[in-house]
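Dear colleague,

Please find below the structure that I am handing over to you, together with its sequence.

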Amino acid sequence: WATDDVVSAVHGTVTKMDAGTKTAVVKTKDGTEYTIKFVDKTTVHGVRATADATATGTKDSFHGLKEGSDVVAHYTVTGTDKTAVEIDNVGKHGIKAVDGTVTHIDRGTKTVAVKTADGTEQTFKLSGHAAADAGKDIGKGTEKSAKVTVYYTEEAGKKTAHFFEKI
């Protein structure tokens with residue numbers, strides 16, 4: 001049934017970490033707190049590697065994240081437990097963010113175009129999570145006018161959106 005698990009996402013700040021239970025509390029800007037469990041398969045993007053982190057990488061339950069980290073947590077829910085599938089660290093060494101207005105979504109090629117405040121249009125490839133988010137968070141009929149923050153990575157000049165947040 002793992003393939004049927006619905007992945008949700010939340011953007012916030014890590015306020016507490018508990019190595020004993022391998023959980024982190026993520027607090028959103030509206031004050032809601034999510035307790036999310038880390039497992040061996042949890043993927044973390046955007047954490048700057050250090051010599052210490054590399055040496056203890058297999059022991060580090062949180063893969064280099066710290067209290068105060070700005071994150072987007074992708075998780076599944078079983079009963080009342082939220083289990084992290086992927087955590088994206090937002091910021092200087094993490095994933096990037098850009099605000100803009102959606103001008104085009106192509107579900108066939110899994111791309112989205114966003115016009116930023118300076119008038120430029122940026123096109124992003126949608127990750128699996130972002131493609132699902134685009135379907136949920138940007139409703140039909142409003143998809144070409146939705147104001148969003150796109151959280152993305154850039155590699156070899158190609159931008160990949162990992163999460164959308166309506167603004």
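This is a predicted model: local features need pLDDT of at least 70, side-chain atom pairs count only at pLDDT 80 or more; totals for chains, interfaces and linings use all residues.

**The strands around S2**

S1 and S2 run antiparallel and are joined by 5 bridges. The two strands form a hairpin, with 4 residues between them. Lysine 22 lies in the loop between S1 and S2, and has a positive phi of about 55° although it is not a glycine. With a relative accessibility of 33%, lysine 22 counts as partly exposed.

On its other pairing, S2 is joined to strand S3 (residues 33-37) by 5 bridges, and these two strands also run antiparallel. Here alanine 24 has isoleucine 36, in S3, as its bridge partner. S2 and S3 form a hairpin as well, with 5 residues between the strands, and glycine 31 in that hairpin takes a positive phi near 95°.

How far is S2 enclosed by the rest of the structure? Of its 5 residues, 4 are buried, so S2 is largely enclosed.

A further positive phi in a residue other than glycine is found at lysine 110, where the value is near 55°. Lysine 110 belongs to the loop between S7 and strand S8 (111-115). At 44% relative accessibility, lysine 110 counts as partly exposed.

**The nonpolar cores and the cavity**

The largest nonpolar core has 15 residues, and the members that touch the most others are Ile36, Phe38, Leu65 and Ile87. At least two residues of this core come from each of strand S1 (8-18), strand S2 (23-27), strand S5 (70-78) and strand S6 (81-90). There is also a second, separate core of 14 residues, which includes Val102, Ala146, Ala161 and Phe164.

A search of the whole structure finds 1 cavity of 30 Å³ or more. The volume of the largest cavity is about 40 Å³. Its lining consists of Val14, Met17, Ala24, Val26, Phe38, Leu65, Val71, Ala73 and Ile87. S1, S2 and S5 are the elements that give two or more residues to this lining. Among the lining residues are Phe38, Leu65 and Ile87, which were named above for their contacts within the largest core. Ala24, also in the lining, is the residue whose bridge partner in S3 is isoleucine 36.

**Asparagine 89**

Asparagine 89 has its place in strand S6. Is this residue buried or exposed? At 13% relative accessibility, asparagine 89 counts as buried, because the cut-off for a buried residue is under 20%. Leaving aside residues up to four places away in sequence, asparagine 89 touches His45, Gly46, Val47, Leu65, Ser69, Asp70, Val71, Gly94 and Ile95. Two of these contacts, Leu65 and Val71, also line the largest cavity.

Alanine 97 is found in strand S7 (residues 96-106), and is partly exposed, with a relative accessible area of 44%. Which residues does alanine 97 touch, not counting those up to four places away in sequence? The contacts are Thr149, Val150, Tyr151 and Tyr152. For one of these, tyrosine 151, the C-alpha to C-alpha distance from alanine 97 is 4.4 Å, while the two residues are 54 apart in sequence.

The search for aromatic pairs over the whole structure finds 3. In one of them, the rings of tyrosine 151 and phenylalanine 163 have their centres 5.7 Å apart and their planes at 35°, so this pair is tilted. Tyrosine 151 lies in strand S10 (residues 147-155) and phenylalanine 163 in strand S11 (residues 158-166), so the pair ties together parts that are 12 residues apart in sequence. Tyrosine 151 is buried, with a relative accessible area of 4%. Phenylalanine 163 is buried too, with a relative accessible area of 5%.

With kind regards

Definitions and conventions. Residues are numbered from 1 along each chain as its sequence is written. Side-chain values use heavy atoms; hydrogens and water are left out. A nonpolar core is a set of buried Ala, Val, Leu, Ile, Met, Phe, Trp, Tyr and Cys residues joined through side-chain atoms within 4.5 Å. Buried means under 20% relative accessible area, exposed over 50%, partly exposed in between (1.4 Å probe, protein chains only). Two strands pair if DSSP finds at least two bridges between them. Contact means heavy atoms within 4.5 Å. Rings of Phe, Tyr and Trp (its six-membered ring) pair if their centres lie within 6.5 Å; planes under 30 degrees apart count as stacked, over 60 as edge-to-face and the rest as tilted. On a 1 Å grid over the protein atoms alone, a cavity is a set of points where a 1.4 Å probe fits but cannot get out, and a pocket is an open set with protein on both sides within 12 Å along at least five of seven lines; lining residues have an atom within 4 Å of a point. Grid points are joined across faces, edges and corners, and a volume is the space filled by probe spheres set on the points.
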